[in-house]
Amino acid sequence: MRTPGEVAAAGQLACLIEAGAPKPGNVSPGRHFHDTRYEDFVASAVAIGPALAAAGRQSVGSTVLHAVTATAEWASSNTNLGMILLLAPLARAALHAQGALRDELREVLVATTVADATEVYDAIRIARPGGLGSSFREDVAAAPTVTLREAMLLAADRDSVAREYATDFAATFDIGVPALRSARSAGLPWSEATVETFLRLLATMPDTLIARKLGTAAAAGVSRRAREVEDAGGVRTEAGRAAVEAFDDELRSPNNAYNPGTTADLTCAALFVVILEDGWHP
């Protein structure tokens, strides 16, 4: 069983590695958005540590709300709501698991309550994420009448983070974690392994943040480009690295509409799981 300190450190480290990796279309060192800088993500990663450490003795909803509230004290815009929504149940599972992490995670998700949903809705209102869409914005404006898992089931068709709650974190465990382990086993450093994992996730499933902002066709087009970058070699070849940089340039826009932010959240969850299960090996 992991200690609260180990789980908090793993979560903070996962967020820091994710933010520091030059993932196409995302904030990274030297590549900022008009309203968010890399340093905002660093501060946010540190801020959520206490909430993750307490995840074993509080509900998933409380962990989410405490982490979002702590982040709001350090960052002026939403930097990590999706990450927090993914890390909170994983952290609780890690602090209770006697066996496989995913088995415990299933129990955590099934056990969520209406109170959890209420606290998560409060957290969403505090974070004020962009690209919610009118239907989901209306959903969170009212008090929930279903459990957190049931609420996520209702949003699963339009949001990949919600879909994780509905599928026992299928994208994290079935796509992200294997990709990250493969990259690390091949000798890639954490930063390059993170970019490779991000590309694999994006190539496999269109980013729902882009889809909500620009439509499903635009999101599918970005996923096609991710597959082309993989085919060019990704981070493993000179041509592939040039393709990664070109892809990053293509996704840059004044309003960040082409930011694959949900894919970045899933990448962070995969990092958290691998650090927890495999240990930290620089």
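Is Thr-172 buried or exposed? Keep in mind that what we have here is a predicted model. Some notes from going through it:

1. Thr-172 first. Its relative accessibility comes out at 0%, so Thr-172 counts as buried, the cut-off for that label being under 20%. The residue sits in helix α11, which covers residues 170–185.

2. Who surrounds it? Leaving out anything up to four places away in sequence, Thr-172 touches Glu-164, Val-177 and Pro-178, and also Leu-266, Ala-269, Ala-270 and Val-273.

3. Leu-65 is another one to look at, this time in helix α4 (residues 60–72). With a relative accessible area of 16%, Leu-65 is buried too, because the label applies under 20%.

4. For contacts of Leu-65, again skipping residues up to four places away in sequence, I'd check Glu-119, Asp-122, Ala-123 and Ile-126. Ile-126 is 61 residues from Leu-65 along the chain, yet their C-alpha atoms are separated by 8.8 Å.

5. Now a helix pair. Helix α5 (residues 81–96) packs with helix α6 (residues 101–110) at an angle of about 120°, and the axes are 8 Å apart. The crossing of α5 past α6 is right-handed.

6. Which residues make that contact? On the α5 side you'll find Pro-89, Leu-90, Arg-92, Ala-93, Ala-94 and His-96, and they meet Leu-101, Glu-104, Leu-105, Val-108 and Leu-109 of α6. By type, the residues of this contact split into eight nonpolar, one polar and two charged.

Note on methods:
Residues are numbered from 1 along each chain as its sequence is written. This is a predicted model: local features need pLDDT of at least 70, side-chain atom pairs count only at pLDDT 80 or more; totals for chains, interfaces and linings use all residues. Side-chain values use heavy atoms; hydrogens and water are left out. Axes are lines fitted to C-alpha atoms, for helices over the stretch in contact, and angles run from 0 to 180 degrees between N-to-C directions. Helices (H or I, at least four residues) and strands (E, at least two) are DSSP runs, numbered from the N terminus. A crossing is left-handed if the near helix is turned anticlockwise from the far one by less than a right angle, and right-handed if clockwise. Contact means heavy atoms within 4.5 Å. Ala, Val, Leu, Ile, Met, Phe, Trp, Tyr, Cys and Pro count as nonpolar, Asp, Glu, Lys and Arg as charged, and the others, Gly among them, as polar. Buried means under 20% relative accessible area, exposed over 50%, partly exposed in between (1.4 Å probe, protein chains only).
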